[in-house]
Amino acid sequence: MIVLKYCVWSLSAFTLLTGVARADGAPVAVAVAAPPPVADVKVMKRGKLLWLNCAACHYTEADQPGKTLTEKIGPNLHGLIGRPAGAAKGFTYSDAMLKSGLIWDKATLDRWIKRPTDVIPGTKMLYVGMANEADRQALIAYIESETSKK
C-alpha cells in the first residue's frame, strides 16, 4: 500500500514536490512533470490564435480509421516536421513543390511561413506570408505541437 504524505506546489519554482511512502514508511520515488513556463503558455496561445488563419485550408489531426476528414484546399499537416515536401497522402501538389527536395524542419517552415513564394516559386499555396518573426515562431511551436500528436 502506498500513502501520499504531502504535496507542495511552488509557483515560483514550477515544481511539484510529493512525499510518498509505503505503509512501512519506506520512501517511493515519484516522477512528476513540471508545468511549462508561463512564456511557453503565452507562445502556444498566440500560435493557436494564428493557426486560425491556417485552419481554413489545413488539418493537423492524424488519419483515423472510420473518420473521414472533409476535403480542404491544403494538405493535412499531421507529421509535418521531418517529412519531405509534397509527401502528404491524398493531396495533389504543384510540380514546384514535388521537385523542391525540401524536408520540413523549423528553419524551413519559418522561411515558408515568412514568404512561401520565396522558398518555392511556383507553389500553389495562395498565402502572402507573415513578416513578424515572433508570430512565426509562435505559429511554428503550435504547428509542431499539434502535428506531432497521435
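Reply: In this predicted model, the side chains of Asp 135 and Arg 46 are joined by a polar contact of 3.0 Å. Asp 135 belongs to helix α5, which covers residues 133-147, and with a relative accessible area of 16% Asp 135 is buried, because that value falls under the 20% cut-off. Apart from neighbours within four places in sequence, Asp 135 is in contact with Leu 50 and Met 130 as well as with Arg 46.

Helix α1 spans residues 38-55 and includes Lys 45, a residue that counts as exposed, since its relative accessibility of 61% is over the 50% threshold. The C-alpha atoms of Lys 45 and Ala 138 lie 8.2 Å apart in space, although 93 residues separate the two in sequence.

Helix α5 also packs with helix α3, residues 106-114, at an angle of about 125° and with the two axes 10 Å apart. Angles of 65 to 115 degrees count as roughly perpendicular and those over 145 as roughly antiparallel, so α3 and α5 are oblique to each other, and their crossing is right-handed. On the α3 side the contact is made by Lys 106, Leu 109, Asp 110, Ile 113 and Lys 114, which meet Arg 136, Gln 137, Leu 139, Ile 140, Ile 143 and Glu 144 of α5. Sorted by class, this contact between α3 and α5 comprises 5 nonpolar, 1 polar and 5 charged residues.

How values were computed. Residues are numbered from 1 along each chain as its sequence is written. This is a predicted model: local features need pLDDT of at least 70, side-chain atom pairs count only at pLDDT 80 or more; totals for chains, interfaces and linings use all residues. Side-chain values use heavy atoms; hydrogens and water are left out. Axes are lines fitted to C-alpha atoms, for helices over the stretch in contact, and angles run from 0 to 180 degrees between N-to-C directions. Helices (H or I, at least four residues) and strands (E, at least two) are DSSP runs, numbered from the N terminus. Angles under 35 degrees count as roughly parallel, over 145 as roughly antiparallel, 65 to 115 as roughly perpendicular and the rest as oblique. A crossing is left-handed if the near helix is turned anticlockwise from the far one by less than a right angle, and right-handed if clockwise. Contact means heavy atoms within 4.5 Å. Ala, Val, Leu, Ile, Met, Phe, Trp, Tyr, Cys and Pro count as nonpolar, Asp, Glu, Lys and Arg as charged, and the others, Gly among them, as polar. Buried means under 20% relative accessible area, exposed over 50%, partly exposed in between (1.4 Å probe, protein chains only). A polar contact is a pair of N or O atoms within 3.5 Å; within protein, one must be able to donate a hydrogen and the other to accept it, and residues adjacent in sequence count only if both atoms are side-chain atoms.
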